[in-house]
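User: Hi! Could you walk me through this structure with me? I'd like to go over the charged residues, then the backbone.
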Amino acid sequence: MSGGFDTRRFKAMERAGFNRIAARYADGAHLRAELAHALLGAAALAPGQRVLDLASGPGLLASDAAHRVHPGGMVLATDIAEGMLAEGARRISGSGIELLFSAADAEHLCLADASVDRVLAGLALFMFPHPERALSEMHRVLAPGGRVALSVWGERDSVPLIGRAQDCIARLLPQPKVARPSVFRFGDPGVLQAILEDAGFTEVSITACDFTCSFDDAESYWQAFLDLAGGAAEALSRLPEATQQALRNEVAADLAQHPRADGRPGCTVPARALIATAVRKP
């Protein structure tokens, strides 16, 4: 990105934010279980494969992947936030799941060329300041014929799960002095396909994954949003309490548009993600 965007500051904020929310992020895994299952299915994992999971967080995808490549396989979970990895290691302790963890920047991987068979990146590509660099690194570390499988949020109007909270923030808070990368910037399948092909990948396939998340009340929704938001959550946490309460009130009003179908209190909010797979040319 250009226009005064400070990559180092952005990454530091993301790291701090995700370290802050590590345990809660893991606790919210059930909300994204359908998407995680679809992504792992698209990756076509098999016993014996070597797998790299980028922006792994607390190793949610990586743990499931480890089961699928056993016996003989290997899964390396990497993330810029070491607290996320520590939370993942704590949760699998004594479980028998074999995972390797390493703090790493997806745009600068310390792995040998052609050293893995699969690369996973769940809801991550849009967070990288230079996604083309991350994709170049994915391509480099994949063995010929290896596959990348990643997920991104769809176009903004198709993801009220994120958009409702962002709308409230935009109405109540001033525009940031330096814009953050949009989490919807790869929501157009054509844009996503183009950046994958520009990185040298072939056999690009993109499918939509629609799912819903139900919450008992607006407070639960807002907390779930913060537990996904990383650096944005870190910035919001520094606001005065009165401003934070005003945001919660605004969110509650907007969520009235998403009542539960069964009439119970709370809301059900839809989301669309895109799942892309691509192959490093054999």
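Analyst: Happy to. One cut-off before we start: a residue counts as buried when its relative accessible area is under 20%, and as exposed when that value is over 50%. Also, keep in mind that this is a predicted model.

User: Good. Is Asp 117 buried or exposed, then?
Analyst: Asp 117 has a relative accessible area of 19%, so it is buried. The residue is found in strand E4, which covers residues 116–122.

User: What does Asp 117 touch, leaving out residues up to four places away in sequence?
Analyst: Gly 48, Gln 49, Arg 50, Leu 142, Ala 143, Gly 146 and Arg 147 are the residues that Asp 117 touches.

User: And Asp 53, where is that one?
Analyst: Asp 53 is in strand E1, residues 50–54. Asp 53 is buried but has no salt bridge.

User: Which side chain of opposite charge is nearest to Asp 53?
Analyst: That would be Arg 32, 11 Å away. Setting aside neighbours within four places in sequence, the contacts of Asp 53 are Leu 61, Ala 62, Leu 76, Ala 77, Thr 78, Leu 120 and Ala 121.

User: Let's turn to the salt bridges. How many are there in the whole structure?
Analyst: The search finds 20. One of them joins the side chains of Arg 171 and Asp 254, with N to O at 2.8 Å. That pair links distant parts of the chain, since Arg 171 is in helix H7 (residues 160–172) and Asp 254 is in helix H11 (residues 241–254), 83 residues apart.

User: How accessible are the two partners, Arg 171 and Asp 254?
Analyst: Arg 171 is partly exposed at 46% relative accessible area, while Asp 254 is buried at 11%.

User: What does Arg 260 pair with?
Analyst: Arg 260 meets Asp 216 in a salt bridge, 3.3 Å from N to O. Arg 260 sits in the loop between H11 and strand E7 (267–280), and Asp 216 in the loop between strand E6 (201–215) and helix H9 (218–226), so this pair ties together parts that are 44 residues apart in sequence. Arg 260 is buried, with a relative accessible area of 12%.

User: And which residue does Glu 241 bridge to?
Analyst: To Arg 248, where the closest N and O atoms are 2.6 Å apart. Glu 241 is partly exposed at 48% relative accessible area, whereas Arg 248 has 15% relative accessibility and counts as buried.

User: Which residues are linked in a network of salt bridges?
Analyst: Asp 27, Glu 87, Arg 90 and Arg 91 form such a network.

User: Now helix packing. At what angle do H1 and H5 pack?
Analyst: Helix H1 (residues 7–20) and helix H5 (residues 82–92) pack at about 30 degrees, and their axes are 7 Å apart. That angle makes H1 roughly parallel to H5.

User: Which residues meet there between H1 and H5?
Analyst: From H1 there are Arg 15, Phe 18 and Asn 19, and these meet Glu 82, Gly 83 and Met 84 from H5. The residues of this H1 and H5 contact are 2 nonpolar, 2 polar and 2 charged.

User: Last topic, the backbone. Where is the cis peptide bond?
Analyst: A cis peptide bond joins His 70 and Pro 71, with omega about 0 degrees. Pro 71 lies in the loop between helix H4 (60–69) and strand E2 (74–79).

User: What about phi at Ala 44 and Ala 55?
Analyst: Phi is positive at Ala 44, about 55 degrees, and also positive at Ala 55, near 50 degrees. Most residues other than glycine have a negative phi. Ala 44 is in the loop between helix H3 (33–43) and E1, and Ala 55 is in the loop between E1 and H4. Ala 44 is partly exposed at 36% relative accessible area, and Ala 55 is partly exposed at 23%.

Key:
Residues are numbered from 1 along each chain as its sequence is written. This is a predicted model: local features need pLDDT of at least 70, side-chain atom pairs count only at pLDDT 80 or more; totals for chains, interfaces and linings use all residues. Side-chain values use heavy atoms; hydrogens and water are left out. A salt bridge is a side-chain nitrogen of Lys or Arg within 4 Å of a carboxyl oxygen of Asp or Glu. Helices (H or I, at least four residues) and strands (E, at least two) are DSSP runs, numbered from the N terminus. Buried means under 20% relative accessible area, exposed over 50%, partly exposed in between (1.4 Å probe, protein chains only). Lys and Arg count as positive and Asp and Glu as negative; His and the chain ends are not counted. Contact means heavy atoms within 4.5 Å. Axes are lines fitted to C-alpha atoms, for helices over the stretch in contact, and angles run from 0 to 180 degrees between N-to-C directions. Angles under 35 degrees count as roughly parallel, over 145 as roughly antiparallel, 65 to 115 as roughly perpendicular and the rest as oblique. Ala, Val, Leu, Ile, Met, Phe, Trp, Tyr, Cys and Pro count as nonpolar, Asp, Glu, Lys and Arg as charged, and the others, Gly among them, as polar.
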